[in-house]
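Subject: Structure handover

Hello,

Here is the structure I said I would pass on. Please open it alongside this message.

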Amino acid sequence: MTTLDNRPNTALLVIDVQNGVVDEGHERDAVVANIGGLVGKARREGVPVVWVQHSDEGLVRGSEEWRIVGELNREDAEPLVEKSYGDSFEDTDLESVLAERGVGRLVVVGAETDACIRSTLHGAMVRGYDATLVGDAHTTVDKTAGGAPSPEQVIAHTNQYWRYQAAPGRKGGTVKSEDVEFGG
């Protein structure tokens, strides 16, 4: 349904599954395991896996906090998009990486739910992509001390509202890991 011409393919977009981002994440181990399962499924099905890695003053490039978690491994042939803003499209080569692969639909996993995940989902739809959120493959940390809802509530709310997102010629949606179909 994407509004992007000649872009029939789907990619798995793995956002910021880095030590310093997910180590304190809600249900971290289960989320990372679900992401790992989806990475394996995408590889078996020949679906592009695109990794996104954030860096800033708190996630210094090359530091242990900046590294992708040990349970996941990026293959050399899989693109790595480095970013410094919440939306993975902003000031990166993500669009060209996806265009080269004919991608018009994204299956999105990673962290943090209430930051880079939401920003990238909206950024994708605005740019013409269909964007499916995997509801049990994203996480966030506890920010209740700053007035935010609990991580459980943030995740549940994001899953709920993204389930019904749509725009002319584009659609969102939320699915469980076990229900991901890369074919559409």
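Predicted model: local features only at pLDDT ≥ 70, side-chain atom pairs only at ≥ 80, totals over all residues.

The strands form an open sheet of six, in the order β3-β2-β1-β4-β5-β8. The pairing is parallel. At the edges sit β3 and β8 (174-175), each of which pairs on one side only. Inside the sheet, β4 and β5 are joined by six bridges in the parallel sense. To find your place there, look for Gly 110, which stands opposite His 138 in β5.

Helices across the sheet

Two helices are worth a look against β5. Helix α2 lies across β1, β2, β4 and β5, and runs at about 140° to β5. Helix α5 (residues 151-163) lies across β5 and β8, at about 160° to β5.

Helix α2 takes in residues 28-44, 17 residues in total. From first C-alpha to last it reaches 24 Å, close to the 24 Å expected at 1.5 Å a residue. Its buried residues are Arg 28, Val 31, Val 32, Ile 35, Leu 38, Val 39, Gly 40 and Ala 42. Note that Arg 28 is on that list. The cover over these residues includes the strands β1 (9-15), β2 (49-54), β4 (103-111) and β5, together with helix α1 (19-22). Just after α2 comes Gly 46, with a positive phi of about 70°.

Aromatic pairs

How many aromatic pairs does a search of the whole structure find? There are two.

One is Phe 89 with Tyr 129. The ring centres are 5.4 Å apart and the planes meet at 40°, so this pair is tilted. Phe 89 is in the loop between β3 (80-83) and α3 (94-100). Tyr 129 is in the loop between α4 (113-126) and β5 (130-139). The pair therefore ties together parts that are 40 residues apart in sequence. Both partners fall under the 20% cut-off for buried: Phe 89 has 6% relative accessibility, and Tyr 129 has 0%.

The other is Tyr 161 with Trp 162. Here the centres lie 6.3 Å apart and the planes stand at 80°, so the pair is edge-to-face. Tyr 161 and Trp 162 are both buried.

Over to you.

Best wishes

How values were computed. Residues numbered from 1 in each chain as written. Heavy atoms only, no water. Phe/Tyr/Trp six-rings, centres within 6.5 Å; stacked < 30°, edge-to-face > 60°. Helix = DSSP H or I, 4+ residues; strand = E, 2+ residues; numbered from the N terminus. Buried < 20%, exposed > 50% of the residue type's maximum accessible area, 1.4 Å probe, protein only. Expected span 1.5 Å × (residues − 1). Contact = heavy atoms within 4.5 Å. Pairing = 2+ DSSP bridges. Axes fitted to C-alpha atoms, helices over the stretch in contact; angles between N-to-C directions.
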